[in-house]
Every structure is written in structure tokens, then in C-alpha cells.
Amino acid sequence: MTETLILCDCGGSQSLDRERIASGCGAACSRVFRALCTDEIGKAAELMQAGDVVIACGQEQAVFIDLAAELGVETPGFVDLRDRAGWSDQGAQATPKMAALAAEALMPVAAPPAVDVISEGTCLIAGPADVACDLAERLTGTLAVTVLLSDEEPPLSRAYDVVAGRLTRIEGALGGFRVRIDGFRQLMPGGRGGFAFGPARDGAQSACDIVIDLTGGTPLVPAPDKREGYLRADPRDPLAVARLALEAVQLTGTFEKPLYVRLDDSLCAHSRAGQRGCSNCLDICPTGAITPAGDHVAIDPMVCAGCGACAALCPSTAITYEAPTVAALLARMQRLARAYRGAGGVAPRLLVHDAHGAEMIRLAARFGRGLPADVIPLELGTVSGLGHAEMLAALAHGFASLSVLMGPRTKQDALTRERTLADAIAGAGRLELLDIADPDALSDHLYAAPVPEPLADPVLPLGNRRQITRLAAQALNPGGPVLDLPQGAPYGAVAVDTDSCTLCLSCVSLCPSGALIDNPDLPQLNFQEDACLQCGICRTICPERAITLVPRLDLSDAALGQQVLNEEEPFACIECGTLFGVRSTVERIMEKLAGTHPMFAESAQARMIQMCDNCRVGAHFEQENNPFASKPKPRTVTTEDYFTKRKDH
């Protein structure tokens, strides 16, 4: 069923061109209402009952959601045209942007994969007795509470369990915490007088659904504000402790945990044969959700907070972000750019932001200048996972520039690194990271920023991140040049010192992406640059230190084919003439071993170095004092032998 866009000018405070918006977004539009949420709400009810609708109002969503529930119809979609376009110093010129925003809102949104997390309310409170026990008294009627004290006088209350010890390790997240306690001492409930604790032991382990840390020391998990189910407060702050009680009682039941990232461990280039390669995701993960697991890494989805930095930095696309996927994000970008141009716009600029940035935009629209008419906002759950591929794709779709508005909780390390890489590919002046906290300052910056010339012929990059980067880079750099990239870039070449390389092919056997390739017929080392991840395993494993990484991006077709890095003449077996090995290597071995090593002291033994596998085995069996030889085969006894032994013959 075709959706209808319901327009409202919010009391005449913005200008809406119904026909141009409809032609740009490709959907039917209602007439422009003036007070849809109040005086004309009956008209909204009629349209909602008539079919699927999208209401152009972000402020009064709760009113229309309640109306849909009252009418028994499907909840409508929403798009905010007022704060993001209409309320602006350039609101009269914002019709192309309104059409673009409406077109994006009409796109179907796929929910990320998720798993149910069950919390039964088992709670561990660690801290000093006066604070921890007081909090336990408040929660014991709702949660199953255990208090962990640090060798202090235990309370006389038996309404909750009390133990003593030191909380030394916490793993897991809401509904699945695993804890280790050293110096663990159980309460002895028997006897007259105050309670006492039993003997101490280390390494006690337990499980719980919720952890409340009132120790006041260093957090026991990385990024404690991102670990679901881990609540922490300063024990000297009674208000903060009281807030923890309100948060804890709401952490029982069944919760939906999004699975933010997906891992294909067959593509992971973490290590091979104990040689470490790429560690980008391990180094950048703020929560410790990623750990080494042999040749690849493992991701704990319960601990992952969904920042997406690991996916942005993964050179092999082994880790991909799912909320949203790269394909879904690029589809949104394309829809925005195409609808903007379809409604008469020329050079759109893209502003990517999160929920904090959305609030800044609303404040700038209500009390300030709002956004310029050519700046199209795109809201994501997090901007930390925006990689160079998505940045380049935005420019390839026809946006003149891309600005990323960071929030107070944005992980900036990955963004800064990815922006540097994207700048090297697209050229400076098109991409920027904005660390601005004042809405008015944000508006002033965007109004004053220069607008580069957009791509004349926009393209549609498809595939994984590496393929998207290559397609976008070719559109932005016609002619297929070779671009120099900063150190650590996931694209590049391998330079081989042919004087040092012995063609042992250790690098080929360990290359995780198959960029280094041997030739089964000749002593030859081949290389396909497009497949190289620059993980460094080949450089690490090379016994001759003959390999150097060269970060660059070759946009020509030559990067898609194989090139010979080193080759030598094969050696011919002196017995049968079969080609094997490398001539220079065999001659070098002959020079070092023949006549000097005890095993090759004689010329007959030294000749074996120059034989192929089959001939060498045969020579071993034919030589005297063969260690593999058995007793001679006995002669076959004949009738003549029997006659010869007879006395009367």
C-alpha cells in the first residue's frame, strides 16, 4: 500500500511547497494543515484510518501514537521537516531538503538482529557496610541481593545474603555476569552475639544478573558506563547511590539486546601460525568485548556496546556493522542525494549526527538560525562507526561535503583515523569532524563553511567496504592514479628486496587474504595488490627481512591482476632433469655444505643436494651403509640344491 505524507506548517511558522515535495520524494502528499495536532486532529484521524501515513511532525509524536492506539490502526511513521529544514534563516529555500528528508522517511527500516536477555534480579552489591547494606535494605523486596563486604562487621539482618572478600574480576553483562572473589569468607549464622565470617579462600566464583559497585575505586570493567547491568557510584554521594536503586529495580525481566556487529572469522587477519598481524579491533574496543581466539578474534555480543569502531577499522571486512548495515546506510545516502537533486537542489551537504546532535539541531531551529538549506542531516545511533568507506561513498553519491557532528560520548579515535585516510583519498576540504557543543556555534559554522563543487556524475558504490572505497575513489580520482596513504592504511603494496629474498614462500603460506601467491610450476612470488590488507604478517614471518609494506591505493586495473615480485631460474635434477627448487638456493647450499658437513663430506653424498625428491630417495637406498636397508633377500632354494646335499648323489 502506498504511504501518504501528511504535511503541517505548525501554525504557519514554516513554508511548505506541497507539489515540489511530492515530486521530489515520489509520494502522495496531503494538503498542508495548520494545526494537525490540535484543531485539525480529526483530519489526521481520517487519514490514518484511510491507509498508511507518514506525519511530518517530530515534536508531537506521542499525540499521534496515542491516537493510533485509540483508533486501532497501525502506528504512523514520522519525519521532522520543521526543525531540520523549515525553521531556518533559509527556510524559504529548503524545499529540496524537505523532499529529501521525506523520501528517506518513506524507506523501510530493517531492525537489527537481536537476542533476548533474561535478568531474574540476582544482584551483587560490593562496597562498605554502611552504604551497601543500606542499599540492600531498599532492594531486598524486589531483587535477590547479596552484599559483598571487605572484612567489616556484618549486619544482623538476614533479609539478604552477606559475604566478605575482594571483587577482583567481572566478566559478562546484564543477565550473565561472572565474578571472581578473592579472600572469600562466608557468614557463620550460628552462635550467640554478632555474626562472624568463616576462613578466607581465593578464587571463589559466582554468577549474577546485576552488579552494583560501591567500592569507590577503579572500575572493574572497561568503559563502565557502556556495560549494561553494571551500576557504579561514589559511596560518599548519597544521591548517586539512591539513583542506583531506581536503576537496579528496572533491570529485571526480558530485554532485547541488539547484535550490533557480525564476525566472519574466516576473513580475520589477526594472526597466522602464532605471528600477530592486525589488532585494530582489539586496540580500539572500549568495552573489552573483543578478545584474541587463535588465528582470529572473538566478540562477546553481550558486552559489545555498539560503537562500531571495530567495523570501521577492520581491513578485511571480517567485522561488519549491523545497526544499520553498510548497504542500508548507503541506500539512505543515495535516497537523500537523489531526492534533493530531483526537487531542484544542486550541491547538498551531508551532516551526520547522533541523538545528541539531533537535540542541538532542534535547539538551533527553535532559538537560532537553524540549519542552512543545503545541509541535510542524517541521524545514526552512533557516529563512531562511520568509516572512510562511508565517507567516500557520501561524496560519490553527489554530496559536496560531509560533516560529522560528534557528541560528548563519541569515540573519536577511530573517527579521526578514518577521516585522515578518507582525506588522503578524496582530497582535503570535503570532510570534517565537528566537536561543537553550542547549537548557535554549529549554525554559524555551517553557514560560513565553503561549499566545494560536488561530483558531476554521481555513482552508486556497492559491495563491502573495500569495494565501496575503490569504486568511490575511482569516481573522485578519474584516470586511476596511485594515491599515497598514511601509515596503517588497509590498502597498499608489498615491496620485496630481491637480493635478500630466497623464495622460501613463507609469506605465501601465511597471507590471510591470498594477496601473495606462488606459482606451482616455477620459483615465483606473485602479488595482487587489491587483496592486500597491509596486516604485516608477511613482513613479520619473512626470515630474510626482505619485505616492506607500502601504504597506497592503486586505482588502475593493474591492481586487480597479479604481478611478479620475485622469480628465479629453477634447478634441474642432475639425475632425471626434473625442475625443482631455486638454482641460487641449491648452489648456496652446495657451497656451504658440500665437503664440509659430515653428512655431505663425500662427493656421492653431496650430489644428493642436487637431486629431486624421487632421485634422492633412490640414491639413499642404493648407497652403502644405508641406514634404511634391511637384510639381503635370501636366495630361492631349488631341487638342485637338495640333490647337491645328498651323500649318495
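Let's start with what "partly exposed" means: a residue with a relative accessible area under 20% is buried, one over 50% is exposed, and anything in between is partly exposed (1.4 Å probe, protein chains only). What you have here is a predicted model, where local features need pLDDT of at least 70, side-chain atom pairs count only at pLDDT 80 or more, and totals for chains, interfaces and linings use all residues. Residues are numbered from 1 along each chain as its sequence is written, and side-chain values use heavy atoms, with hydrogens and water left out.

Now for the charges. Side chains of opposite charge can pair when their charged atoms come close. We call it a salt bridge when a side-chain nitrogen of Lys or Arg sits within 4 Å of a carboxyl oxygen of Asp or Glu. The count by that rule is 18 salt bridges.

Take a look at Asp89 and Arg369, whose side chains form one with 3.3 Å from N to O. Asp89 is in the loop between α4 (82-86) and α5 (95-105), while Arg369 is in the loop between α11 (355-367) and β22 (375-379), so this pair ties together parts 280 residues apart in sequence. Those helices (H or I, at least four residues) and strands (E, at least two) are DSSP runs, numbered from the N terminus. Asp89 is exposed at 54%, and Arg369 is partly exposed at 31%.

Next, find Arg169 and Glu171, joined by a salt bridge of 3.6 Å, N to O. Arg169 is partly exposed at 37%, and Glu171 is partly exposed at 33%.

Finally, Arg180 pairs with Asp182, their closest N and O atoms being 3.2 Å apart. Here Arg180 is partly exposed at 25%, but Asp182 is buried at 13%. Back at Asp89 and Arg369, salt bridges with shared partners join these two and Asp444 into one network.
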